[in-house]
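Dear colleague,

I am passing on the structure below, together with some notes on what turned up when I went through it. Please read them with the model open beside you.

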Amino acid sequence: ENYQEILDKRRANLTYLIAGFKQFAPVLTTISEGPDEKIGPHAFPMIVRKRAGFSRDQFVDYLERNGIDTRDLFASMPTQCAGFAFLGHKLGDFPNAEYIGNNGLHIGVHQDLHEGHIDYFIHTVEKFLHKHGKKA
């Protein structure tokens, strides 16, 4: 009975995160919603870009030390998940998926989060980037 209310709040959290995260585009990237799309979110994905100057693990460690829980994005099924080895693919066969598997992470957009939580996340990312000599 409260499905739409939950979905609306999660979408609001996602769009607020996307707007606040744009400033990090030189070193971190995320999704955007196209004109004919409507994302039903459960998480906010991020990918550390190649020339960021820091690793996903360094970024995750900093976020988690500052009380922000993260999860890795999904690995490349054909090459990074042992259960799919029978397909015969080798590392390097899916470079984009493998890059995301090695450098992607996400945080939740739970409906009980509010703008204060999201502002804290954005500020924490700003501090991390400043620490690593990156402008936000």
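Before the details, one term is needed: two strands are taken to pair if DSSP finds at least two bridges between them. Please also keep in mind that this is a predicted model.

On that basis, S1 and strand S2 (residues 43-48) pair in the antiparallel sense over two bridges, and within this pairing leucine 28 has valine 48 of S2 as its bridge partner. Both strands belong to an open sheet of four strands, ordered S1-S2-S4-S3 and paired antiparallel. Strand S1 (28-29) and strand S3 (71-72) stand at the edges with a single partner strand each, so one side of each is left without a neighbour in the sheet. Helix H4 (residues 95-103) lies across S2 and strand S4 (104-108), and runs at about 105° to S2.

The other element I looked at is helix H5 (residues 115-131), whose 17 residues should span 24 Å at 1.5 Å a residue, which agrees with the 24 Å between its end C-alpha atoms. Which residues of H5 are buried? They are Ile118, Phe121, Ile122, Thr124, Val125, Phe128 and Leu129, and because they cover an arc of only 160° around the axis, they sit on the same side of H5. The buried residues of H5 pack against helix H1 (3-21), S1, S2, helix H2 (56-65) and S4, whereas the face turned away from the buried side carries the exposed residues His130 and Lys131. After H5 comes glycine 133, with a positive phi near 70°.

Best wishes

Methods:
Residues numbered from 1 in each chain as written. Predicted model: local features only at pLDDT ≥ 70, side-chain atom pairs only at ≥ 80, totals over all residues. Heavy atoms only, no water. Contact = heavy atoms within 4.5 Å. Axes fitted to C-alpha atoms, helices over the stretch in contact; angles between N-to-C directions. Expected span 1.5 Å × (residues − 1). Buried < 20%, exposed > 50% of the residue type's maximum accessible area, 1.4 Å probe, protein only. Arc of directions from axis to C-beta.
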